[in-house]
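The sequence and structure come before the details.

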Amino acid sequence: MSTENEGTAVPPAPSAPPPPADAPAASAPQGAHPGAASAAGDPYGPPASQAHHDAGESASVPDPSWPPPPPPSTPAYGGHGGAGHGGGGWGAGWGATHQQPVPKNGRGRGGLVAAVLVAALAAGGLGGGLGYTLARENDSGSSTTVSAGTTGGNVKRDPGTVAAVAAAALPSTVTIEAASSSGEGGTGTGFVFDKQGHIVTNNHVVADAVDGGNLSATFPDGKKYEAEVVGNAQGYDVAVIKLKNAPSDLKPLALGNSDDVAVGDSTIAIGAPFGLSNTVTTGIISAKNRPVASSDGSGSKASYMSALQTDASINPGNSGGPLLDAQGNVIGINSAIQSTSNGGFGTGQAGSIGLGFAIPINQAKYVAQELIRTGKPVYAKIGASVSLEDTTGGAKITEQGVGGAEPVDPGGPADKAGLKPGDVITKLDDRVIDSGPTLIGEIWTHKPGDEVTITYERGGKERTTELTLGSRVGDS
């Protein structure tokens with residue numbers, strides 16, 4: 001599924017999210033196999049479906065070394081902008097560049113065949129225009145006064161109600177403003193992660209401020225603090241910032257267990273849609289393990305997640321905000337949305353149609369802790385190049401690697417597990433794999449060193465093997 005950060009539209013996508021598409025597709029290195037991505041080291045192959053980020057920051061120019069360059073016809077990101085199909089492969093791990101394949105009709109997992117257009121949940125400057133309807137005098141020229149009796153007591157909001165959960169969580173959320181040295185940027189959301197002043201948000205919310213930009217966080221009580229980026233993970237779309245001169249009374253939000261979330265569970269989203277800070281919306285978990293790729297619509301690197309889907313209203317500016325359960329525990333980070341068209345309040349950004357996507361908190365917690373500890377993200381990998389073709393019925397290891405490299409890294413995890421070029425991976429543990437991008441998302445929900453069971457087909461016969469995931473540090 002594909003989503004956008006800034007409301008760029010996305011064409012129909014295959015089962016796995018496509019790559020970001022607002023930049024011209026780069027040709028594959030000589031010798032590269034079309035439609036192949038390195039699972040060995042490349043964290044960002046074009047997903048079969050792509051989402052818009054819901055933060056509203058602009059994206060940086062794509063790094064030529066970054067795999068999948070988006071095709072000119074496909075927008076990017078889900079919370080921010082939309083990503084479209086391209087001709088390239090996704091790496092199930094990291095490391096190699098690839099060419100994106102020509103988009104085809106796909107069998108999206110869970111019935112998702114359409115590309116996801118996601119409004120980057122970071123709102124740029126949204127002016128007034130949301131006016132109030134004023135009471136007018138009646139025909140006689142006099143105003144009408146209505147008398148009402150008193151209730152005779154205070155309204156009590158029991159614990160567990162939306163109002164009670166919102167009242168407890170809002171003081172620990174912030175509206176983030178990020179701008180590059182040239183003044184370009186947008187607005188997103190974040191939440192207090194610990195008492196030391198660390199705030200968790202989306203990478204696409206703060207990307208503009210990473211290199212010499214300006215960053216600030218404002219609490220609901222109006223107190224504003226300057227901040228700095230501690231670490232950011234493009235592939236996971238997670239970032240951690242730290243408040244300067246942080247107050248001593250910070251209250252971190254409680255983190256839930258996203259693995260225990262069930263379809264139908266109630267959700268509460270907090271953010272700043274279109275710049276309207278401290279907005280609370282509600283819904284349910286609509287689906288789990290939804291493959292979603294997102295980019296910002298201007299050709300930046302893509303992010304990929306096995307997302308929680310919710311129908312809680314999420315719009316540009318919600319990016320980075322917490323998705324809470326009925327008890328007020330954080331179960332995800334709002335990151336992308338699907339939209340049917342661009343535009344919303346006249347801003348040219350896409351708006352919510354009830355298809356929002358959040359990064360599961362179990363994954364985001366691990367990433368945030370690594371960023372705080374080392375400043376760099378760590379990604380799991382299998383060490384093999386996989387195809388983006390959606391007709392293989394799984395993730396096919398290509399016959400030729402990217403840029404002349406071996407399709408299976410000698411001595412790498414896949415090699416040690418006995419996998420060979422031409423093998424088609426159909427399951428990772430009990431999760432069905434229908435494409436290369438889906439495989440990437442599932443690998444990234446694990447940590448390096450995790451042991452997984454790989455089910456694959458070779459010569460028409462199904463086989464299984466045990467594989468220990470390798471690792472790659474950093475986004476470059």
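## Salt bridges

A search of the whole structure finds three salt bridges, a salt bridge being a side-chain nitrogen of Lys or Arg within 4 Å of a carboxyl oxygen of Asp or Glu. The model is predicted: local features need pLDDT of at least 70, side-chain atom pairs count only at pLDDT 80 or more, and totals for chains, interfaces and linings use all residues. Residues are numbered from 1 along each chain as its sequence is written, and side-chain values use heavy atoms, with hydrogens and water left out.

Helices (H or I, at least four residues) and strands (E, at least two) are DSSP runs, numbered from the N terminus. An α-helix has 3.6 residues a turn, so residues three or four places apart point the same way. E370 counts as buried at 13% relative accessibility, while R373 is exposed at 61%. Buried means under 20% relative accessible area, exposed over 50%, and partly exposed in between (1.4 Å probe, protein chains only).

## Links across the sequence

R458 and D423 form a salt bridge through their side chains, 2.8 Å from N to O. R458 lies in strand β22 and D423 in the loop between α4 (413-416) and β20, so this pair ties together parts that are 35 residues apart in sequence. D423 is buried, with a relative accessible area of 1%.

The side chains of E442 and R431 also meet in a salt bridge, at 3.3 Å from N to O. Here E442 is in helix α5 (residues 436-443) and R431 in strand β21, so the pair ties together parts 11 residues apart in sequence. E442 is buried at 4% relative accessibility, whereas R431 is partly exposed at 27%.

## Strand β20 and its partners

Strand β20 (residues 424-428) is mostly covered, with four of its five residues buried. Two strands pair if DSSP finds at least two bridges between them. Strand β19 (residues 395-396) runs antiparallel to β20 and is joined to it by two bridges; A395 has I425 as its bridge partner in β20. Four bridges join β20 to the antiparallel strand β22 (residues 451-458), and K427 stands opposite T455 there.

β20 also pairs in the antiparallel sense with strand β21 (residues 431-432), over two bridges. L428 stands opposite R431 in β21. The two strands β20 and β21 form a hairpin with two residues between them, and D429 in the turn has a positive phi of about 55 degrees.

## Helix α1

In helix α1 (residues 162-169), the buried residues are V165, A166 and A169. They cover an arc of only 100 degrees around the axis, which puts them on the same side of α1; the arc is that of the directions from the helix axis to the C-beta atoms. The exposed residues A167 and A168 are on the face turned away from the buried side of α1.

## Surroundings of T201

T201 lies in strand β7 (residues 198-201) and is buried at 0% relative accessibility. Not counting residues up to four places away in sequence, T201 touches residues including I176, V206, V238 and S319, where contact means heavy atoms within 4.5 Å. D237 is also among the residues that T201 touches; the two are 36 residues apart in sequence and 8.5 Å apart in space, C-alpha to C-alpha. A polar atom of the T201 side chain lies 2.6 Å from the backbone oxygen of T189.

Technical notes: Polar contact = N/O pair within 3.5 Å; in protein donor to acceptor, adjacent residues only side chain to side chain.
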